[in-house]
Amino acid sequence: MSSVMGEQIRLTIFGESHGPSIGVVMDGLPAGIELDLEAIEKEMKRRAPGTSKLATPRKESDSFIIESGFFNGKTTGMALCARIPNSNAHSKDYSKMKEIMRPGHGDYAGYVKFHGCNDYRGGGSFSGRLTAPLVFAGAVAKQLLAKEGVFIGAHVASLAGIRDQKFNPLGEDPETFRALAGEILPVLDPAVREPMAAQVTAAQKDKDSVGGTIECMAVGLPVGLGEPYFDSVESRLSHALFSVPAVKGIAFGDGFVLGTMRGSEANDPMAYRDGKVVCTTNHNGGVTGGITNGMSLLFTVVIKPTPSIGKTQHTVNVVTGENTTLEVTGRHDPCILPRAVPVIEAVTAWTLLDLQLVAQRR
């Protein structure tokens with residue numbers, strides 16, 4: 001099982017959903033970087049469960065303990081290691097999952113791949129609980145990127161078919177990102193917040209769940225991040241973002257709509273403004289040839305409905321070899337979108353920081 005990723009910064013996550021703790025190790029951070037721990041705590045609380053009626057009632061503070069790599073307010077150059085204790089796991093809710101596979105989860109694939117040795121409680125290493133360490137890493141990365149004038153934000157672009165307005169593809173003010181980060185259900189158009197929340201509540205009452213999309217933007221990026229082909233910005237981001245449970249698709253810029261356009265429509269015209277080359281449109285999402293072109297990086301990810309639902313579903317018992325049915329019990333998000341927004345931002349921030357440090361090294 002691979003739990004390590006990155007080139008200049010090697011990111012390792014560890015732990016399982018119902019184990020003693022989960023955590024992250026960031027190896028390769030320069031020494032002497034000041035970190036605002038309160039800012040990291042705020043990012044962690046955005047993702048933490050039990051903070052809203054729209055989320056799982058499992059209450060985890062997502063408080064972290066820095067074990068190494070930080071002293072007197074600065075990084076030391078040693079690997080930065082943070083541990084996040086699990087304090088509210090109800091493992092008895094998963095007693096049936098040792099034999100009965102949950103539809104839509106990694107239970108069956110994990111059972112076969114790891115010969116039945118995988119930790120099935122709460123999904124084990126397949127759980128969205130493992131996104132908490134990613135948020136820690138992203139919160140650190142955000143602070144470093146901000147010093148370079150790079151800012152990242154995201155919002156719920158759609159939920160159960162209800163659509164929010166889109167980011168301005170030419171860029172948004174960082175203050176817009178800060179305002180979104182303060183919302184439980186971050187949307188640009190306040191008028192859609194209540195209808196979206198109503199869809200989540202309705203699905204929850206029906207023992208079901210809903211999904212949607214998240215739009216993410218990074219502003220202030222330099223020209224030239226990424227490498228053609230295998231280390232393109234799109235491929236590096238996609239690799240990292242598909243590590244987030246529930247992400248099932250990604251589209252940069254206008255995405256699949258580009259396939260309906262002519263080249264004259266899809267191309268982004270260029271011009272000099274104040275001595276700087278800019279594009280007057282941003283259909284390509286700030287990336288051409290696999291490399292950032294100085295425009296805002298813009299992409300959308302698809303988040304599938306939470307697979308843990310209370311409705312009766314057909315499945316199998318892998319021990320008895322019989323067909324059976326299952327009603328998932330326990331505490332689960334009827335919609336993962338609100339808590340996934342800071343995760344998408346975090347993974348984006350960490351990936352962009354790694355790309356930027358690689359570029360500076362060369």
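Author: Start with helix 1, which passes helix 3 in a right-handed crossing. A crossing is right-handed if the near helix is turned clockwise from the far one by less than a right angle, and left-handed if anticlockwise. Helices (H or I, at least four residues) are DSSP runs, numbered from the N terminus.

Reader: What kind of model is this?
Author: This is a predicted model, where local features need pLDDT of at least 70 and side-chain atom pairs count only at pLDDT 80 or more, while totals for chains, interfaces and linings use all residues. Residues are numbered from 1 along each chain as its sequence is written, and side-chain values use heavy atoms, with hydrogens and water left out.

Reader: At what angle do the axes of helix 1 and helix 3 cross?
Author: Roughly 140°, and the axes of helix 1 (residues 37–47) and helix 3 (residues 131–146) come within 9 Å. Axes are lines fitted to C-alpha atoms over the stretch in contact, and angles run from 0 to 180 degrees between N-to-C directions.

Reader: Which residues make the contact?
Author: Among them are Ala39, Ile40 and Met44 of helix 1 and Val135, Phe136 and Ala139 of helix 3. Contact means heavy atoms within 4.5 Å.

Reader: OK, helix 3 and helix 8. How far apart are their axes?
Author: They are 7 Å apart, and the two helices pack at an angle of about 50°. Helix 3 and helix 8 are therefore oblique to each other; angles under 35 degrees count as roughly parallel, over 145 as roughly antiparallel, 65 to 115 as roughly perpendicular and the rest as oblique.

Reader: Is that crossing left-handed or right-handed?
Author: Helix 3 and helix 8 cross in a left-handed way. Their contact includes Leu134 and Ala137 of helix 3, and Val347 and Trp350 of helix 8.

Reader: New topic. Which residues touch the most other members of the largest nonpolar core?
Author: Met26, Leu297 and Phe299, in a core of 72 residues. Helix 8 (residues 337–361) gives the largest share of this core, 13 residues. A nonpolar core is a set of buried (under 20% relative accessible area, 1.4 Å probe, protein chains only) Ala, Val, Leu, Ile, Met, Phe, Trp, Tyr and Cys residues joined through side-chain atoms within 4.5 Å.

Reader: What is Met26 in contact with?
Author: Leaving aside neighbours within four places in sequence, the contacts of Met26 include Ile9, Leu11, Val140 and Trp350.

Reader: How many residues does the second core have?
Author: Seven, including Phe167 and Leu188, and this core is separate.

How values were computed: Buried means under 20% relative accessible area, exposed over 50%, partly exposed in between (1.4 Å probe, protein chains only).
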